[in-house]
Amino acid sequence: SQGEKDLEAHLEKNPKDDQARLGLGTLQFMQSLEHLSKSWYRYGINSNTRNAVLPFFRLPVPSNPRPDQIEYESVRQVFKKMIKDLENADQTLAKIESKDVKLPLHLFEIHFDINGDGKKNKSEDLNAFLDELFELNKIPPKRRSTTVIAFDYADVIWLRGYTHVLRSMLEFALAYDAEALWDVSAYRIFPNVKFKHEFMKEEFEKLKRKQNLSLFDQNTLLDILASFHNLNFKLKEPERVKRIHQHLKKAVRLSREMWSALAKETDNDREWIPNSKQTTLVSPFQSTDQTLGAWQNILDESEAILDGRKLLPFWRGEAKDRGFNVKRFLTEPKDLDVILFIHGSGALSHVEQGDVTSPEKWGQFQKVFGGDLFGFAIWFN
(Lines give C-alpha, C1' and ligand atoms only; values in the text may rest on other atoms or scores of the structure.)
Protein backbone atom coordinates (compact mmCIF):
# COMPACT_ATOMS: atom_id res chain seq x y z
CA SER A 1 0.00 0.00 0.00
CA GLN A 2 2.92 2.33 0.69
CA GLY A 3 4.40 1.52 -2.71
CA GLU A 4 1.11 2.45 -4.34
CA LYS A 5 1.06 5.81 -2.55
CA ASP A 6 4.69 6.53 -3.45
CA LEU A 7 4.18 5.69 -7.14
CA GLU A 8 1.00 7.76 -7.33
CA ALA A 9 2.82 10.72 -5.78
CA HIS A 10 5.72 10.25 -8.22
CA LEU A 11 3.34 10.18 -11.20
CA GLU A 12 1.66 13.39 -10.11
CA LYS A 13 5.04 15.12 -10.49
CA ASN A 14 6.17 13.01 -13.49
CA PRO A 15 2.99 12.20 -15.48
CA LYS A 16 4.95 10.97 -18.54
CA ASP A 17 6.94 8.32 -16.64
CA ASP A 18 5.29 5.25 -18.15
CA GLN A 19 7.75 2.88 -16.51
CA ALA A 20 6.52 4.07 -13.11
CA ARG A 21 2.95 3.78 -14.39
CA LEU A 22 3.57 0.20 -15.46
CA GLY A 23 5.05 -0.44 -12.02
CA LEU A 24 1.93 1.01 -10.39
CA GLY A 25 -0.44 -1.00 -12.59
CA THR A 26 1.51 -4.19 -11.91
CA LEU A 27 1.47 -3.46 -8.19
CA GLN A 28 -2.29 -2.87 -8.25
CA PHE A 29 -2.83 -6.15 -10.07
CA MET A 30 -0.69 -7.95 -7.49
CA GLN A 31 -2.71 -6.25 -4.75
CA SER A 32 -5.88 -7.78 -6.16
CA LEU A 33 -4.34 -11.23 -5.57
CA GLU A 34 -3.01 -10.25 -2.17
CA HIS A 35 -6.33 -8.82 -0.99
CA LEU A 36 -8.17 -11.95 -2.16
CA SER A 37 -5.63 -14.18 -0.41
CA LYS A 38 -5.80 -12.14 2.79
CA SER A 39 -9.57 -12.49 2.79
CA TRP A 40 -9.40 -16.26 2.36
CA TYR A 41 -6.77 -16.45 5.11
CA ARG A 42 -9.01 -14.38 7.38
CA TYR A 43 -11.80 -16.89 6.87
CA GLY A 44 -9.50 -19.93 6.98
CA ILE A 45 -10.22 -21.42 3.57
CA ASN A 46 -9.64 -25.18 3.46
CA SER A 47 -6.56 -26.31 1.53
CA ASN A 48 -8.55 -29.04 -0.26
CA THR A 49 -10.24 -26.39 -2.41
CA ARG A 50 -6.99 -26.18 -4.43
CA ASN A 51 -7.91 -29.54 -5.95
CA ALA A 52 -11.46 -28.49 -6.80
CA VAL A 53 -12.81 -26.74 -9.87
CA LEU A 54 -13.54 -23.53 -7.99
CA PRO A 55 -12.31 -20.33 -9.66
CA PHE A 56 -10.89 -17.79 -7.17
CA PHE A 57 -10.84 -20.39 -4.38
CA ARG A 58 -7.79 -22.26 -5.76
CA LEU A 59 -5.15 -20.05 -4.15
CA PRO A 60 -2.25 -21.34 -2.02
CA VAL A 61 -3.22 -19.72 1.27
CA PRO A 62 -1.56 -20.62 4.63
CA SER A 63 -3.70 -22.31 7.26
CA ASN A 64 -5.35 -19.99 9.79
CA PRO A 65 -5.85 -21.57 13.24
CA ARG A 66 -8.37 -18.89 14.31
CA PRO A 67 -10.55 -18.00 11.30
CA ASP A 68 -13.32 -15.41 11.42
CA GLN A 69 -16.87 -16.55 10.80
CA ILE A 70 -17.99 -16.22 7.20
CA GLU A 71 -21.41 -15.89 5.59
CA TYR A 72 -22.62 -15.63 2.00
CA GLU A 73 -22.54 -11.84 1.92
CA SER A 74 -18.89 -11.94 3.07
CA VAL A 75 -17.92 -13.74 -0.15
CA ARG A 76 -19.84 -11.24 -2.25
CA GLN A 77 -17.93 -8.39 -0.60
CA VAL A 78 -14.60 -10.13 -1.29
CA PHE A 79 -15.49 -10.48 -4.98
CA LYS A 80 -16.65 -6.86 -5.21
CA LYS A 81 -13.34 -5.74 -3.71
CA MET A 82 -11.40 -7.75 -6.27
CA ILE A 83 -13.39 -6.24 -9.13
CA LYS A 84 -12.51 -2.78 -7.83
CA ASP A 85 -8.82 -3.70 -7.51
CA LEU A 86 -8.74 -5.01 -11.08
CA GLU A 87 -10.51 -1.89 -12.34
CA ASN A 88 -7.84 0.26 -10.70
CA ALA A 89 -5.07 -1.75 -12.35
CA ASP A 90 -6.71 -1.59 -15.78
CA GLN A 91 -7.32 2.16 -15.53
CA THR A 92 -3.68 2.74 -14.63
CA LEU A 93 -2.30 0.53 -17.41
CA ALA A 94 -4.66 2.09 -19.99
CA LYS A 95 -2.87 5.42 -19.56
CA ILE A 96 0.48 4.04 -20.77
CA GLU A 97 1.37 5.55 -24.14
CA SER A 98 5.03 4.74 -24.68
CA LYS A 99 5.55 1.77 -27.00
CA ASP A 100 9.11 1.50 -25.60
CA VAL A 101 8.09 1.13 -21.95
CA LYS A 102 9.97 -1.59 -20.10
CA LEU A 103 9.85 -2.78 -16.50
CA PRO A 104 12.51 -5.31 -15.42
CA LEU A 105 11.01 -7.32 -12.58
CA HIS A 106 12.42 -10.16 -10.47
CA LEU A 107 9.08 -11.95 -10.55
CA PHE A 108 10.04 -14.90 -8.39
CA GLU A 109 11.23 -12.71 -5.53
CA ILE A 110 7.81 -11.13 -4.97
CA HIS A 111 6.19 -12.02 -1.64
CA PHE A 112 2.72 -11.39 -0.25
CA ASP A 113 2.01 -10.92 3.47
CA ILE A 114 -1.12 -13.03 3.59
CA ASN A 115 -1.15 -13.77 7.32
CA GLY A 116 -0.15 -10.21 8.26
CA ASP A 117 2.90 -11.10 10.35
CA GLY A 118 5.23 -8.85 8.35
CA LYS A 119 7.59 -11.73 7.55
CA LYS A 120 8.57 -13.53 4.35
CA ASN A 121 7.11 -17.00 4.20
CA LYS A 122 7.73 -19.53 1.44
CA SER A 123 4.02 -20.35 1.26
CA GLU A 124 3.28 -16.67 0.63
CA ASP A 125 5.62 -15.96 -2.29
CA LEU A 126 4.51 -15.47 -5.87
CA ASN A 127 6.12 -18.78 -6.86
CA ALA A 128 3.22 -20.66 -5.29
CA PHE A 129 0.67 -18.48 -7.11
CA LEU A 130 2.40 -18.81 -10.48
CA ASP A 131 2.62 -22.57 -10.05
CA GLU A 132 -1.11 -22.68 -9.34
CA LEU A 133 -2.21 -20.25 -12.06
CA PHE A 134 0.29 -20.96 -14.86
CA GLU A 135 1.83 -24.32 -13.89
CA LEU A 136 5.39 -22.96 -13.72
CA ASN A 137 6.48 -25.69 -11.32
CA LYS A 138 8.73 -27.17 -14.03
CA ILE A 139 11.13 -24.22 -13.71
CA PRO A 140 13.96 -25.32 -11.37
CA PRO A 141 14.59 -23.25 -8.20
CA LYS A 142 18.09 -22.22 -9.30
CA ARG A 143 16.76 -20.74 -12.53
CA ARG A 144 13.98 -18.96 -10.68
CA SER A 145 16.48 -17.30 -8.36
CA THR A 146 18.20 -15.58 -11.30
CA THR A 147 15.22 -14.90 -13.59
CA VAL A 148 14.26 -11.30 -14.31
CA ILE A 149 11.39 -10.57 -16.72
CA ALA A 150 11.44 -7.35 -18.75
CA PHE A 151 7.75 -6.52 -19.09
CA ASP A 152 7.08 -4.39 -22.16
CA TYR A 153 4.20 -2.69 -23.99
CA ALA A 154 2.73 -5.96 -25.31
CA ASP A 155 2.68 -7.26 -21.73
CA VAL A 156 0.81 -4.12 -20.66
CA ILE A 157 -1.99 -5.02 -23.07
CA TRP A 158 -1.81 -8.68 -22.01
CA LEU A 159 -2.29 -7.75 -18.35
CA ARG A 160 -5.19 -5.45 -19.18
CA GLY A 161 -6.85 -8.31 -21.04
CA TYR A 162 -6.48 -10.50 -17.98
CA THR A 163 -8.24 -7.93 -15.78
CA HIS A 164 -11.24 -8.10 -18.11
CA VAL A 165 -11.33 -11.91 -18.21
CA LEU A 166 -11.12 -12.12 -14.41
CA ARG A 167 -13.76 -9.43 -13.94
CA SER A 168 -16.13 -11.26 -16.29
CA MET A 169 -15.88 -14.35 -14.05
CA LEU A 170 -16.42 -12.33 -10.88
CA GLU A 171 -19.40 -10.52 -12.38
CA PHE A 172 -20.98 -13.88 -13.21
CA ALA A 173 -20.58 -15.01 -9.59
CA LEU A 174 -22.23 -11.82 -8.33
CA ALA A 175 -25.03 -11.63 -10.89
CA TYR A 176 -26.94 -14.63 -9.55
CA ASP A 177 -28.21 -15.47 -6.08
CA ALA A 178 -26.35 -18.60 -4.96
CA GLU A 179 -27.15 -18.36 -1.25
CA ALA A 180 -29.20 -21.58 -1.24
CA LEU A 181 -26.18 -23.45 -2.63
CA TRP A 182 -23.96 -21.76 -0.07
CA ASP A 183 -26.21 -22.83 2.80
CA VAL A 184 -25.73 -26.56 2.09
CA SER A 185 -22.09 -26.64 0.95
CA ALA A 186 -20.01 -23.74 2.32
CA TYR A 187 -18.81 -25.60 5.42
CA ARG A 188 -16.82 -27.88 3.10
CA ILE A 189 -14.81 -24.83 2.01
CA PHE A 190 -14.61 -22.70 5.16
CA PRO A 191 -14.26 -24.04 8.73
CA ASN A 192 -16.20 -21.28 10.51
CA VAL A 193 -19.42 -20.84 8.58
CA LYS A 194 -22.55 -19.14 9.86
CA PHE A 195 -24.94 -22.08 9.49
CA LYS A 196 -28.52 -21.58 8.40
CA HIS A 197 -29.57 -25.10 9.43
CA GLU A 198 -28.94 -26.13 13.02
CA PHE A 199 -28.74 -29.86 12.23
CA MET A 200 -25.85 -29.22 9.83
CA LYS A 201 -24.00 -27.31 12.54
CA GLU A 202 -24.49 -30.23 14.94
CA GLU A 203 -23.09 -32.71 12.42
CA PHE A 204 -20.17 -30.40 11.63
CA GLU A 205 -19.25 -30.06 15.30
CA LYS A 206 -19.31 -33.84 15.62
CA LEU A 207 -16.92 -34.21 12.66
CA LYS A 208 -14.59 -31.61 14.20
CA ARG A 209 -14.48 -33.53 17.45
CA LYS A 210 -13.55 -36.65 15.47
CA GLN A 211 -10.97 -34.56 13.52
CA ASN A 212 -12.26 -36.10 10.32
CA LEU A 213 -13.80 -33.32 8.27
CA SER A 214 -13.03 -35.20 5.06
CA LEU A 215 -15.21 -38.14 6.10
CA PHE A 216 -17.47 -39.29 3.28
CA ASP A 217 -20.67 -40.63 4.77
CA GLN A 218 -24.41 -40.57 4.23
CA ASN A 219 -24.63 -36.91 5.29
CA THR A 220 -21.97 -35.95 2.75
CA LEU A 221 -23.98 -37.65 0.02
CA LEU A 222 -27.10 -35.79 1.14
CA ASP A 223 -25.19 -32.49 1.02
CA ILE A 224 -24.00 -33.29 -2.52
CA LEU A 225 -27.58 -34.03 -3.61
CA ALA A 226 -28.79 -30.80 -2.01
CA SER A 227 -26.01 -28.88 -3.76
CA PHE A 228 -27.07 -30.22 -7.15
CA HIS A 229 -30.69 -29.38 -6.34
CA ASN A 230 -29.72 -25.81 -5.42
CA LEU A 231 -27.83 -25.16 -8.66
CA ASN A 232 -30.84 -23.07 -9.55
CA PHE A 233 -29.82 -19.44 -9.45
CA LYS A 234 -32.22 -16.51 -9.51
CA LEU A 235 -30.96 -13.51 -11.44
CA LYS A 236 -30.03 -10.91 -8.83
CA GLU A 237 -28.20 -8.18 -10.74
CA PRO A 238 -28.82 -8.44 -14.52
CA GLU A 239 -26.49 -5.53 -15.30
CA ARG A 240 -23.56 -7.64 -14.14
CA VAL A 241 -24.31 -10.27 -16.80
CA LYS A 242 -24.36 -7.55 -19.44
CA ARG A 243 -20.97 -6.36 -18.18
CA ILE A 244 -19.63 -9.88 -18.78
CA HIS A 245 -20.37 -9.41 -22.48
CA GLN A 246 -18.56 -6.07 -22.49
CA HIS A 247 -15.53 -7.52 -20.68
CA LEU A 248 -15.21 -10.47 -23.08
CA LYS A 249 -15.54 -8.21 -26.13
CA LYS A 250 -12.83 -5.96 -24.70
CA ALA A 251 -10.60 -8.96 -23.96
CA VAL A 252 -10.80 -10.02 -27.62
CA ARG A 253 -9.91 -6.50 -28.81
CA LEU A 254 -6.98 -6.29 -26.40
CA SER A 255 -5.71 -9.69 -27.53
CA ARG A 256 -5.60 -8.40 -31.12
CA GLU A 257 -3.75 -5.28 -29.95
CA MET A 258 -1.29 -7.37 -27.96
CA TRP A 259 -0.35 -9.56 -30.90
CA SER A 260 -0.04 -6.52 -33.14
CA ALA A 261 2.36 -4.91 -30.64
CA LEU A 262 4.20 -8.19 -30.23
CA ALA A 263 4.73 -8.58 -33.97
CA LYS A 264 6.53 -5.22 -34.07
CA GLU A 265 9.09 -6.20 -31.43
CA THR A 266 12.63 -6.72 -32.77
CA ASP A 267 14.49 -7.23 -29.49
CA ASN A 268 14.77 -10.43 -27.48
CA ASP A 269 14.98 -9.06 -23.96
CA ARG A 270 13.87 -11.37 -21.11
CA GLU A 271 10.46 -11.92 -22.65
CA TRP A 272 7.28 -12.90 -20.79
CA ILE A 273 5.15 -13.26 -23.94
CA PRO A 274 7.35 -14.02 -27.01
CA ASN A 275 6.63 -13.55 -30.70
CA SER A 276 7.71 -16.24 -33.16
CA LYS A 277 11.28 -14.84 -33.35
CA GLN A 278 11.82 -14.36 -29.62
CA THR A 279 12.60 -16.74 -26.79
CA THR A 280 10.93 -16.79 -23.39
CA LEU A 281 12.35 -17.40 -19.94
CA VAL A 282 9.22 -18.91 -18.42
CA SER A 283 6.40 -19.71 -20.84
CA PRO A 284 5.87 -23.40 -21.65
CA PHE A 285 4.65 -22.32 -25.11
CA GLN A 286 6.72 -20.98 -28.00
CA SER A 287 4.57 -19.13 -30.51
CA THR A 288 5.05 -19.88 -34.21
CA ASP A 289 3.64 -18.38 -37.38
CA GLN A 290 1.21 -21.30 -37.48
CA THR A 291 -0.07 -20.84 -33.92
CA LEU A 292 -0.32 -17.07 -34.34
CA GLY A 293 -2.38 -17.51 -37.51
CA ALA A 294 -4.64 -20.01 -35.76
CA TRP A 295 -5.04 -17.68 -32.78
CA GLN A 296 -6.18 -14.84 -35.03
CA ASN A 297 -8.79 -17.18 -36.49
CA ILE A 298 -9.89 -18.12 -32.98
CA LEU A 299 -10.31 -14.45 -32.12
CA ASP A 300 -12.40 -13.95 -35.28
CA GLU A 301 -14.61 -16.91 -34.42
CA SER A 302 -14.92 -15.85 -30.76
CA GLU A 303 -15.89 -12.33 -31.75
CA ALA A 304 -18.53 -13.66 -34.15
CA ILE A 305 -19.97 -15.77 -31.29
CA LEU A 306 -19.99 -12.81 -28.89
CA ASP A 307 -21.67 -10.66 -31.56
CA GLY A 308 -24.36 -13.29 -32.18
CA ARG A 309 -23.32 -13.69 -35.80
CA LYS A 310 -22.46 -17.30 -35.02
CA LEU A 311 -24.04 -19.72 -32.56
CA LEU A 312 -22.58 -22.39 -30.35
CA PRO A 313 -23.67 -25.91 -31.36
CA PHE A 314 -26.71 -26.95 -29.32
CA TRP A 315 -25.84 -30.12 -27.46
CA ARG A 316 -29.24 -31.82 -27.89
CA GLY A 317 -31.06 -33.09 -30.97
CA GLU A 318 -29.83 -33.61 -34.53
CA ALA A 319 -30.45 -30.27 -36.25
CA LYS A 320 -27.12 -28.91 -37.53
CA ASP A 321 -28.41 -25.33 -37.79
CA ARG A 322 -29.71 -25.18 -34.21
CA GLY A 323 -27.43 -23.26 -31.87
CA PHE A 324 -27.08 -21.37 -28.63
CA ASN A 325 -26.87 -17.58 -28.89
CA VAL A 326 -24.18 -16.42 -26.45
CA LYS A 327 -24.84 -12.74 -27.11
CA ARG A 328 -28.51 -13.08 -26.15
CA PHE A 329 -27.60 -15.16 -23.10
CA LEU A 330 -25.38 -12.30 -21.87
CA THR A 331 -27.48 -9.33 -23.00
CA GLU A 332 -30.93 -10.79 -22.25
CA PRO A 333 -30.13 -12.63 -19.00
CA LYS A 334 -32.59 -14.85 -17.17
CA ASP A 335 -32.63 -17.11 -14.12
CA LEU A 336 -30.18 -20.00 -14.49
CA ASP A 337 -31.04 -23.57 -13.55
CA VAL A 338 -27.69 -25.25 -14.17
CA ILE A 339 -28.99 -28.82 -14.25
CA LEU A 340 -31.78 -28.02 -16.70
CA PHE A 341 -29.36 -25.87 -18.70
CA ILE A 342 -27.04 -28.87 -19.08
CA HIS A 343 -30.06 -31.02 -19.92
CA GLY A 344 -30.90 -28.56 -22.70
CA SER A 345 -34.46 -27.68 -21.73
CA GLY A 346 -33.20 -24.84 -19.53
CA ALA A 347 -31.26 -23.28 -22.41
CA LEU A 348 -34.07 -23.15 -24.98
CA SER A 349 -34.89 -19.46 -24.40
CA HIS A 350 -31.53 -18.63 -26.06
CA VAL A 351 -31.53 -21.39 -28.70
CA GLU A 352 -32.33 -20.53 -32.32
CA GLN A 353 -31.59 -21.48 -35.89
CA GLY A 354 -28.65 -19.85 -37.63
CA ASP A 355 -24.99 -20.10 -38.58
CA VAL A 356 -23.43 -22.51 -36.06
CA THR A 357 -19.69 -22.50 -35.40
CA SER A 358 -18.17 -25.75 -36.59
CA PRO A 359 -16.89 -28.28 -34.02
CA GLU A 360 -14.56 -29.53 -36.76
CA LYS A 361 -13.00 -26.08 -36.99
CA TRP A 362 -12.33 -26.01 -33.26
CA GLY A 363 -10.90 -29.50 -33.52
CA GLN A 364 -8.44 -28.19 -36.11
CA PHE A 365 -7.52 -25.31 -33.78
CA GLN A 366 -6.91 -27.79 -30.99
CA LYS A 367 -4.64 -29.82 -33.27
CA VAL A 368 -2.53 -26.76 -34.14
CA PHE A 369 -1.87 -26.23 -30.42
CA GLY A 370 -0.86 -29.82 -29.84
CA GLY A 371 -4.07 -30.63 -28.00
CA ASP A 372 -3.57 -27.85 -25.43
CA LEU A 373 -5.50 -24.90 -26.82
CA PHE A 374 -6.82 -24.14 -23.32
CA GLY A 375 -3.29 -23.94 -21.89
CA PHE A 376 -2.19 -21.62 -24.71
CA ALA A 377 -5.25 -19.43 -24.11
CA ILE A 378 -4.45 -19.11 -20.39
CA TRP A 379 -0.92 -17.98 -21.20
CA PHE A 380 -1.47 -15.80 -24.22
CA ASN A 381 -4.96 -14.47 -23.49
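Select Leu 221, Leu 222, Ile 224, Leu 225, Phe 228 and Ile 339, which form a nonpolar patch on the surface with about 520 Å² of accessible area together. A patch is made of residues with over 30% relative accessible area and no salt bridge, and nonpolar side chains (Val, Leu, Ile, Met, Phe, Trp, Tyr) are joined within 5 Å. Accessible area comes from the Shrake-Rupley method with a 1.4 Å probe, and for residues only the protein chains shown count as cover. A salt bridge is a side-chain nitrogen of Lys or Arg within 4 Å of a carboxyl oxygen of Asp or Glu.

The model is predicted: local features need pLDDT of at least 70, side-chain atom pairs count only at pLDDT 80 or more, and totals for chains, interfaces and linings use all residues. Residues are numbered from 1 along each chain as its sequence is written, and side-chain values use heavy atoms, without hydrogens and water.

Now colour helix H9, residues 218–229, which gives the most to the nonpolar patch, with five residues. Leu 221 has its place in H9. Helices (H or I, at least four residues) and strands (E, at least two) are DSSP runs, numbered from the N terminus.

Next, show strand S4 (residues 232–235) and strand S3 (residues 176–177), which pair in the antiparallel sense over two bridges. Two strands pair if DSSP finds at least two bridges between them. Pick Tyr 176 and you will find its bridge partner in S4, Leu 235. S4 also pairs with strand S7 (residues 336–337), again antiparallel and over two bridges. Here Phe 233 has Leu 336 of S7 as its bridge partner.

Move to another open sheet, with three strands in the order S5-S6-S8 and antiparallel pairing. Which strands stand at the edges? They are S5 (312–313) and S8 (351–353); each has a single partner strand, so one side of each is left without a neighbour in the sheet. S5 and S6 (residues 322–324) pair over two bridges. Select Leu 312 to see its bridge partner in S6, Phe 324.

Then select Leu 27, Gln 28, Met 30, Gln 31 and Glu 34, which lie nearest the centre of the second largest pocket, among its 20 lining residues. A pocket is, on a 1 Å grid over the protein atoms alone, an open set of points with protein on both sides within 12 Å along at least five of seven lines; a cavity is a set where a 1.4 Å probe fits but cannot get out; lining residues have an atom within 4 Å of a point. About 350 Å³ of space lies in this pocket. Helix H2 gives the most to its lining, with eight residues.

The last stop is the largest cavity, with about 40 Å³ of space. Its lining includes Trp 182, Asp 183, Tyr 187, Phe 195 and Met 200. Helix H7 (residues 179–185) gives the most to this lining, with three residues.

Definitions and conventions:
Points joined across faces, edges and corners; volume = space filled by probe spheres on them. Patch = residues over 30% accessible without salt bridge, like charges linked within 9 Å, V, L, I, M, F, W, Y side chains within 5 Å.
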